[in-house]
Amino acid sequence: MSESGSIIYLDGVTVSFDGFKALQEVDFYVDHGELRALIGPNGAGKTTLLDAICGKVKPDHGRVVFGQATELHKLEEHEITMMGIGRKFQTPSVFQNMTLFDNLTLATRHERGVFANLFHTLNRAQRDHIMSTLQTLGLEDKAHQQAGILSHGQIQWLEIGMVLVQDPTLFLLDEPVAGMTREEREKTSELLQWLAKDHAVLVVEHDMEFVRQTADRVTVLHEGQVLCEGSVEHVKSDPRVVEVYLGRG
Amino acid sequence: MKKRIGFWGIGLLVSLSLITAVNAQDTIKVGVLHSLSGTMAISEGPLKEVILMAIDEINAAGGVLGKQVEPVIEDPASNWDLFAEKAKKLLLQDKVATVFGCWTSVSRKSVLPVFEQYNGLLFYPVQYEGEECSKNVIYTGATINQQASPAVDYLMSPDGGSKKRFYLIGTDYVYPRTTNKILRLYLQSKGVTEDGIREEYTPFHHQDYQTIVGKIKSFCAGGDGAVINTINGDSNVPFFKELANLGITADNCPVISFSFAEVELQTLDVKPLAGHLASWNYYMSLKNPQNFKWIKAYTAWCEKKGIPAKQCVTDDPMMHAYIHVKLWAKAVEKAGSTDVDKVLAALEGLEINSPVGNYKVDEKNHHTWKPVYIGKIREDGQFDIVWKTEDWVRPEPWSELTYPGRACDWSGDGQGTYDMVDGKRAYLSEKK
Amino acid sequence: MQPTQSQNMKNSAKGTWITAGLLVLILLIGLPLGHHYGWITNYSLNLFSKYLALAILALGMDLIWGYTGILSLGQAIFFGLGAYVMGMNLMLESSGQGVYGEAIPDFMVWNRLTELPLYWLPFKSFPIAVIGSIAVPALAAAAIGFLTFRRRVGGTYFAILTQAIAFATWLMFNRNEMNLGGTNGLTDFKLILGYALSEPNTQWALYMLTAFLLIACYVGCRWLTGSKIGLIMTAIRDQEPRLRFLGYPIAQYKIFIFSVAGALSGLAGALYVTQVGIITPSQIGVLPSLEIVVWVAFGGRNSLIGAMIGAVGINAARSVLTAQFPEWWPIILGGLFVIVVLLLPNGIVGLPRQLWHGLRHLRGRSSAGRQPGPQARQRPVERPSVNPSTR
Amino acid sequence: MARARTTWSTANVPIYLKRSKGEAVLKLTCIAVVLGGLVGSTLLHTTQARANTLKTYAQGLLQPDTQRAALEGLRDLGEPTVQPLLDALKEGALYSWKGVVYRFTDTGTFVDLDGVPLLDSAGEALLPDDMEPVPLAEDNIALVRRILDGLNLFAADVATRKATVRRLGNLRDAAVIPMLEKALAQETHTDVQAVLRVAMDKLRLASPDPNVRLETIRAFGASRAESALSRIKGLRKTETDPTVLTAIDEAVKSIEDYLRLRNAVGYVFNGVSLASVLLIMSLGLAITFGLMGIINMAHGEMLMLGSYTAYVLQELFATTLPQYLDYYFVVALPLSVVVVGFVGVLMERGILRFLYGRPLESLLVTWGIGMMLQQGARLFFGDQTSVSPPTWFRGGWEIMPGLIFPYGRMFIILLSLLSLAVVYLLLYRSTVGLKIRSVMQNRDMAACMGISSRTVDTLTFAMGTAMAGLAGCALSLIGTVDPEVGKTYIVDSFMVVVLGGVGKLVGTVIAALGVGMSNKILEPLISGTAAAVYAKVAILVLVIFFLQLKPTGLFPAKERTAAGAVR
């Protein structure tokens with residue numbers, strides 16, 4: 001598979017926190033319209049990899065290339081986001097003191113500069129988009145309630161929704177189903193597959209069950225390096241993976 | 001919450017009107033405007049005491065014009081902006097006949113417009129930089145030629161060690177700046193060369209004098225140097241401690257200070273200051289009967305007011321503060337009225353017997369005549385008088401050096417400060 | 001908790017006009033009438049309009065701290081800058097009337113200056129001075145913001161830095177070499193636009209102007225906090241990282257808000273100096289800056305009305321108390337700090353709601369209504385996830 | 001009648017009025033008396049007669065035109081007994097009443113020349129209103145001074161002798177050399193002898209004989225005596241003799257070289273000294289801020305409390321056991337730690353623990369507390385008080401001629417190093433420190449391991465404040481003790497902490513050194529009248545710009561999310 005087809009491409013990326021190498025020389029790519037799962041034991045560097053993509057951490061060396069030739073590692077976080085990369089964090093972070101609607105209003109795709117927003121009010125189209133998003137998430141009836149009152153699962157969805165309304169080309173989802181009930185997981189999984197139709201999605205997840213029913217390709221990270229890559233079955237059969245990961249359940 | 005604004009507004013107005021509701025018809029109200037809190041309280045507090053004491057004595061002797069004198073005490077809390085506010089209150093709401101108050105030049109400058117606008121009368125008891133001569137102020141404190149220049153003359157005399165080099169150090173505000181502006185010219189007029197004069201200013205409450213004292217040490221090394229100190233308040237402690245530590249003593253490099261007296265010394269660690277000099281019009285240790293009687297009276301007052309004996313000392317500004325109450329009373333009696341203009345007229349050339357001997361208000365310029373003493377600081381915070389002017393010194397609000405031919409005259413149809421322009425008076429007020 | 005933004009957006013218009021109307025009623029009609037009928041003396045009116053000027057300052061503080069969660073310990077700098085710029089104009093307006101009767105201000109004479117320093121010249125013109133008194137502080141704020149926010153210096157670090165800057169500014173303004181009057185500051189103003197400042201009429205006009213501007217500023221701030229910017233401000237306060245990954249250039253926003261606050265402070269300063277008649281460095285330093293904080297904290301840091309009440313209330317209290325028992329004032333003020341922060345996280349305007357909350361869940365999660373500071377530890381939302389039968 | 005005097009100054013001419021008094025007749029009689037006195041003094045020599053002559057001269061002092069004669073008479077009399085008389089004359093305590101001369105004494109009574117007090121019938125001190133003060137004419141002051149000097153050179157008190165010698169030495173008047181030689185001949189005390197020699201050397205510079213000048217200059221050059229520098233330079237202008245001129249240049253050079261070196265050493269010491277002050281203040285902050293993330297705005301006031309502890313103890317000792325006054329400091333040092341540490345406990349237990357995780361709130365609260373403490377101190381102690389250091393901290397160690405390291409400052413340097421060591425050991429080499437650090441990094445985990453995080457919090461905070469207490473007690477040696485003493489260095493020490501970066505002691509140390517040194521090196525460089533201030537400001541600006549490069553300080557805490565600064 002060629003680099004040109006990839007939407008995100010990590011080229012020998014190394015990230016270290018004084019001494020400790022969270023990522024070493026990682027080469028990694030995701031194609032357009034792909035739904036990629038990223039798995040690995042704790043401290044394998046999964047989150048760090050997402051961080052490296054969305055600019056939360058800067059690689060010590062190596063390149064992070066988005067689309068054809070945009071070098072993300074040279075940009076600020078907000079610039080990266082505006083390139084069309086949406087991130088959902090591991091610990092759900094929404095604006096608890098705002099309504100769901102306001103949460104999404106902030107996320108809605110629109111000029112981010114101060115003066116652009118000084119006199120900005122949502123137009124009908126944007127309102128509808130927000131409401132429909134809430135609908136897909138099944139949260140429309142809570143539209144004007146504080147996010148603080150949502151259940152953990154719903155908060156996850158809200159955050160996913162916030163990524164949705166940004167309408168990015170690449171989704172970065174960090175443990176989207178953590179703390180969800182089985183129903184919620186299935187629903188989330190549907191949602192992701194529906195997303196993957198016209199977006200690239202990169203999911204970090206522990207739950208193999210969920211991974212199997214959602215992802216079409218899986219990358220296994222171990223100690224900051226790509227261990228192996230392929231379909232869920234292929235990965236599961238790989239002895240090294242069994243050794244480092246599944247072996248431990 | 002909307003109610004609350006109204007609530008506050010009303011509450012405020014009520015409380016204000018309450019404050020203003022002071023009423024007593026058959027007394028003469030006088031204002032006392034000294035900081036009783038904040039950083040200046042230490043110095044200004046005692047002034048309030050002697051003023052009240054003087055008023056007491058006056059009332060005991062039957063008051064003025066047969067009326068009792070009623071002090072209205074305001075506390076501007078060492079806050080320059082509050083001074084203006086409080087002065088306004090005294091003049092407009094309490095309608096006082098006169099105000100005794102202010103210490104720092106800053107506070108005086110900020111109340112000046114108020115007094116001039118409402119034609120009030122202010123007695124100002126502290127030595128100051130001069131170059132001011134308001135119609136509405138009587139300046140009883142020393143002008144520069146009544147404190148600073150005599151000090152310099154003393155230091156340059158063989159008696160004072162015939163000094164040739166002078167390090168002018170002060171706190172950075174109007175008094176030291178103006179004083180040194182004039183002293184510089186004065187020194188030059190006495191043949192002191194440019195490199196024989198150093199000038200430096202530190203902020204209020206400055207603590208770190210290491211470097212400066214280092215400079216002073218090498219400046220004085222020749223033995224012909226002296227320091228003229230206009231540092232204000234607490235900064236003197238680290239300054240003198242540093243001097244003592246670096247072994248700078250009074251006999252090879254005397255420091256002469258203009259801005260602390262007995263009261264401040266009581267609160268400082270005097271040991272490092274001992275032997276250095278000060279220049280004032282009055283010292284508690286002056287050996288004359290009037291002073292002795294006054295101190296006795298004040299000690300009694302302290303006991304009455306429960307002021308601890310340690311703090312019960314008198315100093316120059318206190319003496320002026322006490323005397324200017326007496327001056328005012330005498331003038332009111334002479335004028336037969338408390339009307340400001342009449343009292344001012346009565347004050348011209350008014351003589352009075354004071355703890356420094358005879359003392360009088362100048363016939364023209366609203367300042368006062370008094371002798372100048374150089375004192376040497378003792379370990380007990382008192383002074384040994386080492387030198388005195390032969391007689392009382394004429395006040396010069398405008399120094400001949402900075403403004404040749406400028407003087408001030410409020411007597412008769414005098415209009416205050418004027419310049420002599422080809423033998424004729426050109427009043428500044430006419431320029432405006 | 002504060003009213004949610006979207007409600008704000010809807011209600012703000014209505015609410016704003018109601019409160020504004022009330023303010024007009026009290027400040028622009030009530031008090032002037034009272035003054036006209038002599039219930040309120042010139043002196044009191046003048047005093048009160050000083051408080052109103054300070055209320056504008058509090059509005060600025062509320063924007064930056066209450067809404068955006070950035071604690072600036074240097075707001076007094078901008079207040080001072082505005083005041084000094086205006087003061088310079090007043091100084092020049094009444095030049096030649098000083099003690100020395102020279103063309104330059106008195107303090108310059110004893111600072112051995114012969115003519116006006118260059119940077120004084122522009123402020124000879126009143127319009128420039130007015131504009132300057134708002135623009136200069138705003139620019140200063142922008143500069144400080146640019147140096148700090150861009151490098152993501154925030155939270156306590158920002159507080160300490162602004163404090164240090166305030167301290168440095170205070171030191172500098174105290175120097176007479178700055179030719180701004182040193183410790184004495186600028187004072188002894190006589191005229192404004194040729195009108196005598198001492199004239200009751202002038203003072204009345206100034207009062208009306210101040211009251212009007214205060215109301216205008218209030219409406220402006222309400223509009224700002226109600227707008228999308230308002231949302232973003234709150235977002236910065238509560239969840240800055242999240243907002244950053246929504247693609248917002250946080251620094252820009254912080255700088256913007258900080259400058260707006262600076263401009264308000266400057267305006268307040270300009271009004272203050274014309275009415276009090278003196279501005280000294282003692283109004284610039286760390287202490288006054290922190291006092292502004294306590295006004296806002298006392299009034300209610302999530303409410304503009306609260307900020308204004310705080311400013312007027314505490315300053316009124318000061319005038320009264322410093323007259324009665326001055327030496328206790330600092331202790332009272334300090335006590336206020338402790339009490340307000342510990343017990344009234346939303347100030348007095350938040351008190352009713354807070355009590356209500358307190359009653360609501362007695363097992364006093366007293367954290368209710370508290371705004372987590374920008375650095376607050378995330379309160380984990382540990383609740384059993386409910387069954388999402390939302391379809 | 002008014003009499004204008006021009007001797008006062010050439011440029012500004014204050015006028016000294018003299019109240020008119022004294023009729024011609026009286027004057028004449030006085031002159032007669034004085035003349036008589038002079039005659040008498042030369043003839044009779046019994047003590048009785050001396051007393052009489054003293055009286056007659058005293059009479060002579062009363063009139064301006066006989067005053068000088070009388071003074072000269074007294075000078076030739078050269079007797080200790082004239083001292084009180086002249087002192088009184090000098091300080092205006094000499095009076096005449098009904099033609100008799102009286103001195104007014106500290107006890108508030110008039111005494112005549114034989115020391116007999118003037119009492120009324122009731123035995124009370126009599127203070128007549130028509131007492132005439134005796135003015136001392138301007139041009140006689142020098143004479144009086146000289147007479148008194150003559151007496152002081154042989155005064156019993158050593159200090160008086162030294163002082164007199166020094167002053168005479170500075171007179172640049174070769175005429176006094178014989179006086180000094182006479183004194184040296186009789187002087188027994190070695191110190192005074194040394195002072196005498198220096199004084200005479202200085203005077204010799206003015207000697208007419210070039211050889212004398214030459215050797216004196218060489219001597220000064222060899223001894224590198226700074227005190228002679230300006231004098232020698234002054235000489236250069238007037239000197240004609242070539243050999244002397246070259247000698248002068250050599251002397252000046254050698255002295256100035258020496259001075260350059262000495263000043264350099266001096267600056268370094270000043271820097272270190274300031275750094276130590278900052279360090280000892282910042283340590284406490286570094287603990288509370290670095291470990292707990294609490295900005296203790298009351299740190300300055302904690303310092304103040306430390307100073308007041310010293311002050312109170314001093315007062316206690318002064319009243320109770322004055323003989324051990326010096327030892328108050330020994331007690332004060334540990335006590336201030338305890339007291340202020342305890343205050344810290346109260347603060348933490350009472351207030352701060354409700355505010356963990358909300359640094360801005362705790363910042364405001366601590367500031368409020370500080371404000372109350374400050375004013376409380378002002379109400380209780382008044383505004384200016386100061387501690388006088390124990391005698392063994394007075395003065396300093398003269399490390400090289402003319403350069404003194406004050407003991408007080410050296411002590412503070414030592415103390416700061418000591419406390420640094422203690423803090424280090426406590427935090428990084430002790431179980432307590434281990435607990436502290438574990439709690440600060442992850443309180444829940446620590447709690448699981450059975451560490452009471454609450455106790456640790458209290459302990460840590462108390463430790464921080466205790467350091468401030470220690471600092472306060474130490475700083476009282478070199479500064480004031482007043483309610484605002486905390487304000488002086490607090491901003492700088494905040495800068496030090498920010499600059500050093502939280503969580504690492506070494507950062508604090510280096511930052512303190514950096515700020516202190518650069519401050520003391522800048523200060524002399526910036527000329528003009530405001531060096532001290534501009535240096536301070538410059539430092540603040542530098543720090544702010546430094547934070548542009550390293551927003552988390554020199555040694556940021558090694559966590560994945562750098563604490564506070566970057567978010």
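Residues are numbered from 1 along each chain as its sequence is written, while chains are lettered from A and ligands numbered from 1 in the order in which they are written.

**Confidence**
- The predictor gives the complex an ipTM of 0.81 and a pTM of 0.83.
- Chain C has a mean pLDDT of 84, with 89% of its residues at 70 or more.
- Over residues 364-391 of chain C, pLDDT is below 50.
- Where pLDDT is low, the predicted coordinates should not be read in detail.

**Helix α2(C)**
- The 26 residues of α2 (residues 42-67) of chain C should span 38 Å at 1.5 Å a residue; the end C-alpha atoms are 36 Å apart, which agrees.
- α2(C) has a kink of about 30°, centred on Met61(C).
- Gly69(C), with a positive phi near 75°, follows α2(C).

**Chain D against chain B**
- In this pairing, 70 residues of chain D are in contact (C-beta atoms, placed from the backbone, within 7 Å) with 64 residues of chain B.
- α11(D) gives the largest share of the chain D side, five residues.
- By class, that side of chain D has 30 nonpolar, 25 polar and 15 charged residues. Ala, Val, Leu, Ile, Met, Phe, Trp, Tyr, Cys and Pro count as nonpolar, Asp, Glu, Lys and Arg as charged, and the others, Gly among them, as polar.

Notes
This is a predicted model: local features need pLDDT of at least 70, side-chain atom pairs count only at pLDDT 80 or more; totals for chains, interfaces and linings use all residues. Two residues are in contact if their C-beta atoms, placed from the backbone, lie within 7 Å. Helices (H or I, at least four residues) and strands (E, at least two) are DSSP runs, numbered from the N terminus. The expected span of a helix is 1.5 Å times one less than its number of residues. The bend at a residue is the angle between axes fitted to the seven residues ending there and the seven starting there. pLDDT is the predictor's confidence in each residue, from 0 to 100.
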